[in-house]
Amino acid sequence: MHNHPDQPQQTAPTAAGPAQPAPPAQTDAADPQAQQQGDGNAPRRSDRPEPRPERPLKPALRRGWRRRCPNCGSGPLMKGFLKVRDHCPVCRETFSHHRADDGPAYLTILIVGHLSAPLMGSVWMAWQPEPLVLFTVFAIGTVALSLYLLPRLKGAMVAFQWARYMHGFGAGGA
Ligand SMILES: [Zn+2]
């Protein structure tokens, strides 16, 4: 909505001149001004990976799977069943940058489908139960497994994006 994604913001508040040209060193499109580590190593291009604190992947994935904040591990990641919070209530880490979209649903279908289809065949070959019994058991089982996996896979996916500085997670706290 507002116009900040391409413009460095520090050129605005000079009251006299209407449009001062931006200094050429700050034309980063992705990351306007906030390099919060002042190690003097200013990045020249926005596509070069910047020095950032390491975010270990495995603990983040484990915390996301448990639907906890990938940063501190104690704050809840979700509010409700699937809705990701905007911030961690404990450490104030921002989650609103995530782009999980339908990835968790894709993974859930992938896993549940690859488990249930061969299992159904094996059960049929082994015991040949009544079709209605087979249907009922697998209908309940697959729905239950999907509902179990979906929020956990979503948490893990958000944690993966956080740990890899993907999407807005890499934009320096914007
Ligand atoms: Zn946290």
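In which hand, left or right, does H2 pass H3 in their crossing? Before the answer, a word on the model. It is predicted, so local features need pLDDT of at least 70 and side-chain atom pairs count only at pLDDT 80 or more, while totals for chains, interfaces and linings use all residues. Residues are numbered from 1 along each chain as its sequence is written.

The protein chain holds three helices and two strands, running α-β-β-α-α from the N terminus. These are DSSP runs: H or I of at least four residues for helices, E of at least two for strands. Of the 174 residues, 15% are buried, meaning that 20 or more other C-beta atoms, placed from the backbone, lie within 10 Å of a residue's own.

Now for H2 (residues 103-127): its axis comes within 8 Å of that of H3, crossing at roughly 150°. Axes are lines fitted to C-alpha atoms over the stretch in contact, and angles run from 0 to 180 degrees between N-to-C directions. That makes H2 roughly antiparallel to H3, a label for angles over 145 degrees. And the hand? H2 passes H3 in a right-handed crossing, with the near helix turned clockwise from the far one by less than a right angle. Residues that meet there include Ile111 and Trp124 in H2, and Phe138 and Met157 in H3; contact takes C-beta atoms, placed from the backbone, within 7 Å.

H1 (residues 57-65) also packs against H3 (residues 131-163), at about 150° with axes 7 Å apart. That makes H1 roughly antiparallel to H3, and their crossing is right-handed. Among the contact residues are Leu61 and Trp65 of H1 and Phe160 of H3.

Key: Buried ≥ 20, exposed ≤ 12 C-beta atoms within 10 Å, placed from the backbone. Parallel < 35°, antiparallel > 145°, perpendicular 65-115°, else oblique. Contact = placed C-beta atoms within 7 Å.
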